[in-house]
Amino acid sequence: MRTIFFREAIYEALREEMIRDPRVFVIGEDVAEYGGPFKTTKGLLQEFGKERVRNTPISESAIVGAGLGASIVGMRPVIDISYIDFTLCCTDQIINQVAKIHYMTGGKAKPSLVIRTEGGAGRSSAAQHAQSLEALYLHIPGLCLVMPSTPYDAKGLLKAAIRNDNPVMFIEHKLLYNEKGEVPEGEYLIPLGKADIKRTGIGVTVVATSRMVKFALEAAAELEKEGISVEVIDPRSLVPLDEETILNSVRKTHRLVIVHEACKRGGFGAELAAVVAEKAIDYLDAPIIRVAAEDTPVPFAPVLENFHLPDKNKIVAGIRRALE
Amino acid sequence: MEKKDYLWLYRKMLEIRRFEEKAAELYLKGELPGFLHSSIGQEAVPVGACSVLRPDDYIISTHRGHGDIIAKGANLNRMMAELYGKRTGYCKGKGGSMHIADLDLGILGAVGVVGSCIPIANGAALAAQMNRSGQVVVAFFGDGASNTGAFHEALNMGATWNLPIVYVCQNNCVGLSTPQCVHQKIKDISVRGAAYDIPGETVDGMDVLAIRTACEKAVDQARSGGGPTLIEAKTYRYLGHFVGEPGTDYRTKEELESWKKKDAIDGYRNRLLRQKIAGEDELARIEAEVEEAVRQSVQYSLESPDPDPRETLEDVYVTV
């Protein structure tokens with residue numbers, strides 16, 4: 001099978017959906033000629049024109065509001081907010097408006113929009129360009145939340161998100177754009193709410209998100225040499241969450257490690273640990289372990305950032321603790 | 001304008017006034033949950049604006065939105081039922097007074113956060129522009145909203161993209177309790193159009209025909225590809241910020257009385273009689289019909305079922 005970059009997978013998903021459905025359009029800061037800060041939209045302008053590949057002022061509230069307004073009258077906008085840190089400029093639109101409108105209108109309005117954004121640390125972007133803020137949006141009923149970890153998943157999930165009638169926060173990791181992976185030529189969709197078992201094992205379950213999936217797999221490969229069998233699950237979408245796949249794995253391995261790049265306090269790991277404790281605590285032979293970033297802002301200097309972030313070694317250590 | 005157009009304006013303003021009065025009365029008796037923001041005094045603005053819209057045009061409104069929504073044609077029964085929190089209400093009891101929408105009538109909804117409706121209105125206008133549908137959007141908001149970032153972001157975007165939209169500011173002289181002279185230096189909010197290179201016009205918000213004329217020009221311009229206009233209608237909120245709040249701590253009685261002397265509905269009624277557009281009998285018949293429609297909306301609501309508590313869990317997500 002061919003291999004392509006993650007950013008190319010995003011581009012292909014956008015392109016294919018724009019060909020398929022004239023209601024789909026891309027809107028955001030610098031998405032047209034410039035192609036977006038990570039070049040995921042580069043080339044769309046030439047094919048689809050400036051009406052459907054629309055540069056905006058630096059006005060995040062107006063961008064998300066425009067996407068919302070267009071969506072409830074039948075369009076399917078794909079909004080590009082170049083850094084997830086900047087979504088904090090438009091949380092009113094995302095949390096008060098986008099997430100609520102379907103419910104507030106008794107199910108009438110359908111906010112069929114995707115908010116593509118990008119997060120994550122690892123290249124000294126410091127505290128305002130490298131956050132992992134998914135837990136903020138995880139908390140809000142009405143939003144779907146997707147965090148792909150591979151080019152294959154990114155393409156299939158983005159296509160499904162664009163066709164979904166719900167608002168989808170689609171969070172890409174900035175250090176995944178230049179990762180390569182196998183992506184078939186033909187069309188495929190990956191439904192939201194379906195976890196992927198990236199590696200099967202019987203000794204311990206590791207649930208990891210986004211870029212941490214890669215490190216979890218590296219940790220699993222290392223531990224395999226010692227005869228430790230690690231199952232690695234990528235939920236792919238945090239909302240809806242495929243609880244069943246995770247619970248089934250925990251019932252099999254009796255041990256759970258949760259890995260995410262966001263800081264630990266109040267993160268997705270806390271929520272998932274609570275779900276597993278509520279629904280499968282009798283199956284657990286050890287405390288649930290969370291491997292996450294330190295509860296600090298993301299620092300700038302590489303030595304500090306490395307200390308802040310989880311990595312393969314920290315995941316290995318976490319797995320060992322779960323096996324004690 | 002034909003006679004029926006003149007009478008429509010009267011009927012709609014009266015519908016808003018009587019509906020708001022009835023809702024306030026019910027609220028003060030403890031029959032309605034939550035809280036109500038009454039638009040009594042401001043009726044001419046949405047009625048004048050909506051009188052020049054097509055059925056498929058859109059409006060978006062605010063927390064003080066009953067008048068805007070009635071002006072666009074909302075069904076009083078379903079509106080009142082929503083205020084009661086009944087299953088038959090516009091939002092099945094999930095939105096309440098501040099969030100009434102009827103997408104089939106082009107009512108995109110009422111937005112409870114000040115200023116936040118304006119960017120959303122732009123989106124509907126963008127869709128209309130992209131689809132070449134010829135539809136126009138009217139975004140209603142107040143003087144308070146004109147100081148939000150959302151207002152400025154949205155007007156810049158709407159102007160830059162030449163969107164088919166009319167921004168109608170209902171300047172009722174006060175943002176909750178803060179008088180306009182305390183919350184902004186400008187006297188006429190319409191001057192802010194100049195910052196975005198779009199026309200700005202201030203109009204007497206107690207004169208429904210003046211509003212209609214201004215909006216007609218702006219709507220024609222928007223529909224023909226000429227881009228947005230900012231219209232400021234100077235009006236007055238007779239009641240407090242919400243029903244039950246007297247509104248007297250921060251305004252003088254004299255000011256209120258001076259505005260009531262210019263009451264849009266009384267003034268328009270006299271004008272219809274004076275200019276012999278309608279006779280006393282015709283107007284009395286409209287008044288009786290409106291009273292009856294409002295009475296029926298209460299009856300309808302009282303006879304409607306409450307939502308099943310389990311319906312709390314529905315409509316969080318679109319299910320296929």
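Modeller: We can go from the whole chain to its domains and strands, and end with the partner chain. Please keep in mind that this is a predicted model.

Biologist: Fine, how many helices and strands are there in chain A?

Modeller: Chain A has 12 helices and 14 strands. Its radius of gyration is 19 Å, close to the 20 Å that the globule rule gives for 324 residues, so chain A is as compact as a globular protein of that length. The C-alpha trace spans about 60 × 40 × 40 Å along its principal axes, and 57% of the 324 residues count as buried.

Biologist: And what share of the contacts join residues at least 24 apart?

Modeller: If we take the contacts in chain A between residues at least 6 apart in sequence, 79% of them join residues at least 24 apart.

Biologist: What does the domain assignment give for chain A?

Modeller: The assignment gives domain 1, covering 3-182, and domain 2, covering 196-323. The C-alpha centres of these two domains of chain A lie 26 Å apart, and 24 residues of domain 1 are in contact with 25 residues of domain 2.

Biologist: Which elements give two or more residues to the domain 1 side of that contact?

Modeller: On the side of domain 1 that touches domain 2, those elements are α6 (134-138), β6 (144-146) and α7 (151-163) of chain A. By residue type, that side divides into 15 nonpolar, 7 polar and 2 charged.

Biologist: Switching to strands, is β4 of chain A enclosed or open?

Modeller: Strand β4(A), residues 76-81, has 6 of its 6 residues buried, so it is largely enclosed by the rest of the structure. Both of its faces are covered, with R76(A), V78(A) and D80(A) buried on one side and P77(A), I79(A) and I81(A) buried on the other.

Biologist: Which strands are joined to β4(A) by bridges?

Modeller: Strand β2(A), residues 24-28, runs parallel to β4(A) and is joined to it by 5 bridges, while β5(A), residues 114-119, also runs parallel to β4(A) and is joined to it by 4 bridges. To give some pairs, R76(A) in β4(A) is the bridge partner of V24(A), I27(A) stands opposite I79(A), and I79(A) in turn stands opposite I115(A) in β5(A).

Biologist: Then how many residues of β2(A) are buried?

Modeller: In β2(A), 5 of its 5 residues are buried, and the strand is mostly covered. V24(A), V26(A) and G28(A) point one way, whereas F25(A) and I27(A) point the other way, and all are buried. Strand β2(A) is also joined by 3 bridges to β3(A), residues 53-55, which runs parallel to it, and there I27(A) stands opposite R54(A).

Biologist: Helices next: which residues of α9 in chain A are buried?

Modeller: In α9(A), which covers residues 243-253, the buried ones are I246(A), S249(A), V250(A) and T253(A). Seen down the helix axis, the buried residues of α9(A) fall within an arc of 100 degrees, so they line one face of the helix.

Biologist: Why would residues three or four places apart point the same way?

Modeller: An α-helix has 3.6 residues a turn, so residues at that spacing point the same way. In this model, the buried residues of α9(A) pack against β10 (204-208), β11 (230-234), β13 (256-263) and α10 (268-280) of chain A. Just after α9(A), H254(A) takes a positive phi of about 70 degrees.

Biologist: Where is L176(A) found, by the way?

Modeller: L176(A) is in the loop between β7 (168-173) and β8 (180-182) of chain A. It counts as buried because it has 27 C-beta neighbours inside 10 Å, the cut-off for buried being 20 or more. Leaving aside neighbours within four places in sequence, L176(A) is in contact with F6(A) and R211(A). R211(A) is 35 residues away from L176(A) along the chain, and their C-alpha atoms are separated by 6.7 Å.

Biologist: Last topic, how many residues of chain B are in contact with chain A?

Modeller: There are 34 residues of chain B in contact with 34 residues of chain A. On the chain B side, β2 (107-111), α5 (117-131) and α6 (149-160) each supply at least two residues, and the largest share, 9 residues, comes from α5(B). The residues of that side divide into 20 nonpolar, 9 polar and 5 charged.

Notes. Residues numbered from 1 in each chain as written. Chains lettered and ligands numbered in written order. Predicted model: local features only at pLDDT ≥ 70, side-chain atom pairs only at ≥ 80, totals over all residues. Domains from an automatic or database assignment. Contact = placed C-beta atoms within 7 Å. Nonpolar A, V, L, I, M, F, W, Y, C, P; charged D, E, K, R; others polar. Rg over C-alpha atoms; globule rule 2.2 N^0.38 Å. Buried ≥ 20, exposed ≤ 12 C-beta atoms within 10 Å, placed from the backbone. Arc of directions from axis to C-beta. Pairing = 2+ DSSP bridges.
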